[in-house]
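Hello,

Here is the structure I promised to pass on to you. Have a look at it first, and my notes follow below.

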Amino acid sequence: MERVDIDFLKKVAEQADEVYFIYDYQGNRFEFINNAFEYVTKLSCQEVINNPSMLLNIVHPDDVDYVKSEYIAAGKRQSKALINFRILRPDKVERWIRLKIYPVLDGNDTAFVFAIAEDDTPRKAGFSNMQKVNEWKDSVMGILSHDLRGPIGIISTLASAIGAELPAEDHTQVHEWLKMIRDVSKKNLEMIKNLLSTEPLDTTKVVLNKERLDLVQEVRQVMDIFIQSPNSLSTKFEFTCSHDKIFAQVDHSKLLQVINKLMSNAITLTRDDGLIKVHMEQLENSVTITVENNGSGIPKKLQPVLFHKPAEAVANGEEPVGLDMWVVRSIMESHGGSVWFESDERKSCKFYVDFPIGLNF
């Protein structure tokens, strides 16, 4: 990179709130770091220029291999990259960093790396709070919808039974009231059925916004919401995992949709004093999440169409299942993964989702 280019960049970068730096890829040294670096990291620019390894020392231990791998991969690919990781500053404060890397080529080789970094902590915190609200909303809606369907169905059945016991000619007014009860119950059951089976048609067609996540932490948070729900207080939950931390490159909101739906379905199929087991297994290049319940499984007549979209089922003359498993299938396929299940109609059901880790190491 020519000196005039660096001098011009310095003038621009010193006025920015983001961190700008140029790294000599072949010489393994910093050419330039702007002053915003000191505000974000609490490290001295000059000290880091003199000793580049200081920068890697403040990267969170869980993220060191990831940062190294992504940085090397960007240089080899000679293409831009986006890295999200955490740092632990000297003042013991943890911050999220959003780093954009732009390799600068000299012929066929990467000569320099130009990078822009920003403190991503406020955005991460806001997004996390928003996701918690959405998780709670989706979980409560699913649980309430399933729980309401039973009592309303019973009311409709009782109304029909009472009507069968009363002579039509002697209780005309009562029969009219009973018919009104049945009609209202039917409409509410249809509304609940639609609520359970409706998913915005474009929700699984949106381009994935992947980021590196600790899946163990994300799944624990979702499970905590279900555990604390008044509708599942009598249900026992068990969570196990092969590693304390399992990182993967996934779309955050889409993954949480999958976990929410699997948990909601498990609660629906579990008896009041039942047990729901969730296990996460990290394999060499993929992650498998298993959600298992006892109590009951998927009826045999529904198993062949379980992953069908409601519109597809209707077109084929089938009854929509209403478990939204087609959404899970679509999300997993968009991640390059898959979903399947094992079911004993009278005892239990176990769902599996498997998807690539998607990292470079």
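A word on terms before the sheet: two strands are said to pair if DSSP finds at least two bridges between them. Please also keep in mind that this is a predicted model.

With that in hand, take strand β1 (residues 19-24): 4 bridges join β1 to β2, and the two run antiparallel. Within this pair, Asp-24 stands opposite Arg-29 in β2.

Both strands belong to an open sheet of 5 strands with antiparallel pairing, in the order β2-β1-β5-β4-β3. The edges are taken by β2 (29-33) and β3 (81-88); each has a single partner strand, so one side of each is left without a neighbour in the sheet. On average, neighbouring strands are turned by 30 degrees against each other, direction ignored. Helix α5 (residues 64-77) packs on this sheet, where α5 touches β1, β3, β4 (94-106) and β5 (109-119). The direction of α5 makes about 155 degrees with that of β3.

Now to the helices. Helix α9 (residues 252-269) packs with helix α11 (residues 325-334) at an angle of about 145 degrees, their axes being 10 Å apart. The crossing is left-handed. From α9, Lys-254, Gln-257, Val-258, Lys-261, Leu-262 and Asn-265 meet Met-325, Val-327, Val-328, Ile-331 and Met-332 of α11. Sorted by class, that contact has 7 nonpolar, 2 polar and 2 charged residues.

Is α9 buried or exposed? Of its 18 residues, 16 are buried, so α9 is largely enclosed by the rest of the structure.

Enjoy exploring!

Best wishes

Technical notes:
Residues numbered from 1 in each chain as written. Predicted model: local features only at pLDDT ≥ 70, side-chain atom pairs only at ≥ 80, totals over all residues. Heavy atoms only, no water. Axes fitted to C-alpha atoms, helices over the stretch in contact; angles between N-to-C directions. Left-handed = near helix turned anticlockwise from the far one by under 90°. Contact = heavy atoms within 4.5 Å. Nonpolar A, V, L, I, M, F, W, Y, C, P; charged D, E, K, R; others polar. Buried < 20%, exposed > 50% of the residue type's maximum accessible area, 1.4 Å probe, protein only.
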